[in-house]
Amino acid sequence: MGNAFPVYGGKRCFVNSETMIKRSVFSSRTLPYLLILPQIVVTLTFFYWPAVQGLIQSVMRSDPFGQHSTFIWFSNFVTLFTDPLYLKSIGITLFFSMSVATVSISTGLFIATMANRALKAKAVVRTLLIWPYAVAPAISGILWLFLLHPSYGVVALAIKRWFGVDWNPVLRGSDAMFMIIMASAWKQISYNFVFFIAGLQAIPKSLIEAAAIDGASPFRRFWTITVPLLSPTLFFVTVMNIIYSFFETFGVVHMMTQGGPGGATNILVYKVYQDGFIGLNMGGSAAQSIVLMTLIIGVTLFQFKYVEKKVQYAG
Amino acid sequence: MKVRKLLMIIAVAASLVFLAGQVMAEPITINWWHAMKGARGKVADNMIKAFNDSQSDYVVVGTYKGNYDETINAGVAAYRAKKQPHILQAFEVGTQTMMLSGAIKPVYKLMKEAGYNINWKGYLQPVLSYYMNANGDLMSMPFNSSTPVMYYNVDLFKKAGIPMLDKTKPVTWDKLGEITAKLVKSGVVPYGMVTGWQSWTQVENYSAIHNIAFASKANGYEGLDCELLINNPKVVGHIAMLKDWFDDKRFLYGGQKYQGPKAEFIAQNAGVYIDSISGIAKLKKAVKDFKWDVAPMPVESWMKNPQNSIIGGASLWVFKGHDKKDYKGVAAFLKHLAKPEMQIYWHKQTGYFPITLAAYEQLKKEGYYKEQPYQEVGIKELTRRTPTKISRGLRLGYFIQIRNIINEEMELVWNGTKTPQAAMDNAVKRSNKQLREFEKIYK
């Protein structure tokens, strides 16, 4: 036994002769840090650095070219929260994201349940249903605009002519809101569908069959067996949908309503863009981003703390 | 060893001299970031090519940086990174931001330093005045400029028995009310008129044409502490009139920008369409099944001598921080763009105004406006009177936000949420808040 630990390229292998489990221990102290360095560098430069910049910008009043900057404490935030329109925008955003999440989750779940039971052409049906997820939000917005725009939308013209519906999202806030909810939810349905179908397939058939033999109705079987077993998926999908509706729906709003009419669809992320990118108000929009960031951290923490407790992970 | 070292030194020195010689011979590159794409972009490229071919000291490189918002943001980011181009095209609402940025070299100074003695009187004054400071010095070079006019559907007018409109003398708003009523009542078209860019056409230009102050301090030219004045009885009255028209279908709201309103006009849902003169090219392309014509913007009957309308579009700003030699080239290029042949080419190809009187006169002489009578409607409307302190333009901080506010409040009038007075009062209140915020930055 000249050498108890055979060394392979700096890596020592402990071989436990009883259980035959191989354990690797890296002797180098610097190697692990070197290995995670790229990840840290990427995270720092692309996530933390901009976030810190945003934080700094939010307590400054400055012109776009950065020639005149003054430190003004929390004045930007005070301005925001004393602006009734900003508070209204928060309300709009909450309503919008709840609606998008509800519509896309319930529809996604419904379609997944149906597709799970489909006997013929199962694979084809599933593939077709996944497709819309590949569509970018902005494109989804344009597609829906071609259907619903009061001047040139095919569906809009049809319902106006044949059903006499007074459809006008250019002028009526509720119509515009409905339109962006539809376009945003539509795209997300496929995403939810993918996760739900995977979740449904992991549920053992025997459980459902046993319940059926005991005389449980399909609805009861769904409610008392499928939903609890699906709850981890449901939880995950809810978090993802809320985050999606807060941020990624920007493209939909930008293409369809630009926050109008009369600010009725001006969700927070769009307002940041309008004030910062279009309006070149750097401090104000940075403060808005910070609020948005805090809000989304809050929502996610809330979900993990309270909703997750009700989630059953074990199969 | 010593010999070797000496040889090395000689070699290095020789190559340095050689390199320096090459640098001297190489033309200076001048970067121009613009927002002109498609056909307009090609026209701009041709104008650049003409300049590059005409001399060998400078090479202008034009780069398309996206739409107006994207281009100005590209300029901001580049300036912060000290990688700014020489010339940046920025739209008219960004004028105040650019002017106060401290990042620019005023055009009048640039031209003077380069030794050009330019007769600014030879330019279309309402175009220049939009980009001048309070002392009348030109801050940026106007590039693409347009103004709103009124398009109308000739076929529908004929069907409803309405005589054609004059191309120089504007109709009154009362008369337009009768015309649109006739159009709707005769059943030839569901709605009377539609307007693009409502804040620009119905508030900003309405104010300029009727010589009503849009904001205090000469529309903001004479101080950052200006306040909006658009809740005056005349503007409110105009919006109240449009609301009445809206209620009896004489006016149709098609959206804030131009896409919706244009679609309504093309689909013959409305017989009259107010929008920028630069829409001519688009309408020529898109309208196949009816004849249309152009008339000047309507005027109130009490306004006997209507003022000039104001422009929209963009101008060219020169950034600070480049070499003196570069600025000579920039000045030469700006001078090249203002040449009559360049301006004539630009006007013919894009529909934007020629910015010099020389180009305009030559176009007239050529008989261009006999062939293309549409094109002259805008120029005549723009130049019918010397601009006053009120009609020369608007100089507001956060103007983009203010336009947005006005648009929002107008929408709330159309959908019946607010009265015209309440909406304009609120627009003023909200805009003043923005103006105060902007003012604080530069204190």
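Helices (H or I, at least four residues) and strands (E, at least two) are DSSP runs, numbered from the N terminus. The legends below use these element names for a predicted model.

**View 1. The loop between H10 and H11 of chain A holds A:Gln258 and A:Pro261.** Is A:Gln258 buried or exposed? A:Gln258 has 20 other C-beta atoms within 10 Å, and because 20 or more is the cut-off for a buried residue, A:Gln258 counts as buried.

**View 2. B:Trp197 lies in the loop between E7 and helix H9 (198-209) of chain B.** B:Trp197 is not a glycine, yet its phi is positive, at about 40°. B:Trp197 is also buried, with 21 other C-beta atoms within 10 Å.

**View 3. Five strands of chain B form an open sheet with mixed pairing.** The strand order is E8-E7-E9-E6-E10, and the edges are formed by strand E8 (251-252) and strand E10 (292-295) of chain B, each of which pairs on one side only. Strand E7 (residues 191-195) of chain B runs parallel to E8(B), and two bridges join them; B:Met193 stands opposite B:Phe251 in E8(B). Helix H8 (residues 173-185) of chain B packs on the sheet, where it touches E7 and strand E9 (270-276) of chain B, and the direction of this helix makes about 130° with that of E7(B).

**View 4. The largest nonpolar core has 134 residues and lies between domain 1 and domain 2 of chain B.** Which residues touch the most other members of this core? They are B:Met150, B:Ala270 and B:Leu334. The element that gives the most to this core is H19(B), with nine residues. Domain 1 (7-146 + 311-383) and domain 2 (151-309 + 396-441) of chain B both contribute residues, so the core lies between them. Leaving aside residues up to four places away in sequence, B:Leu334 touches B:Val107, B:Met141 and B:Leu316. A second, separate core has 36 residues, including A:Val100, A:Ile105, A:Ala185 and A:Leu268.

**View 5. Domain 1 and domain 2 of chain B meet through 19 residues of domain 1 in contact with 21 residues of domain 2.** On the side of domain 1 that touches domain 2, the elements giving two or more residues are helix H4 (95-100) and helix H18 (373-383) of chain B. H18(B) supplies the largest share of this side, nine residues. By class, the side of domain 1 that touches domain 2 has eight nonpolar, nine polar and two charged residues. The C-alpha centres of domain 1 and domain 2 of chain B lie 31 Å apart.

**View 6. Chain B touches chain A through 30 residues, which are in contact with 23 residues of chain A.** Helix H3 (68-80), helix H12 (259-266), helix H19 (399-414) and helix H20 (420-441) of chain B are the elements that each give two or more residues to the side of chain B that touches chain A. The side of chain B that touches chain A divides by class into 12 nonpolar, 12 polar and six charged residues.

Key. Residues are numbered from 1 along each chain as its sequence is written. Chains are lettered from A and ligands numbered from 1 in the order in which they are written. This is a predicted model: local features need pLDDT of at least 70, side-chain atom pairs count only at pLDDT 80 or more; totals for chains, interfaces and linings use all residues. Two residues are in contact if their C-beta atoms, placed from the backbone, lie within 7 Å. Ala, Val, Leu, Ile, Met, Phe, Trp, Tyr, Cys and Pro count as nonpolar, Asp, Glu, Lys and Arg as charged, and the others, Gly among them, as polar. A nonpolar core is a set of buried Ala, Val, Leu, Ile, Met, Phe, Trp, Tyr and Cys residues joined through C-beta atoms within 7 Å. A residue is buried if 20 or more other C-beta atoms lie within 10 Å of its own, exposed if 12 or fewer, and partly exposed in between; C-beta atoms are placed from the backbone. Domain bounds come from an automatic or database domain assignment. Two strands pair if DSSP finds at least two bridges between them. Axes are lines fitted to C-alpha atoms, for helices over the stretch in contact, and angles run from 0 to 180 degrees between N-to-C directions.
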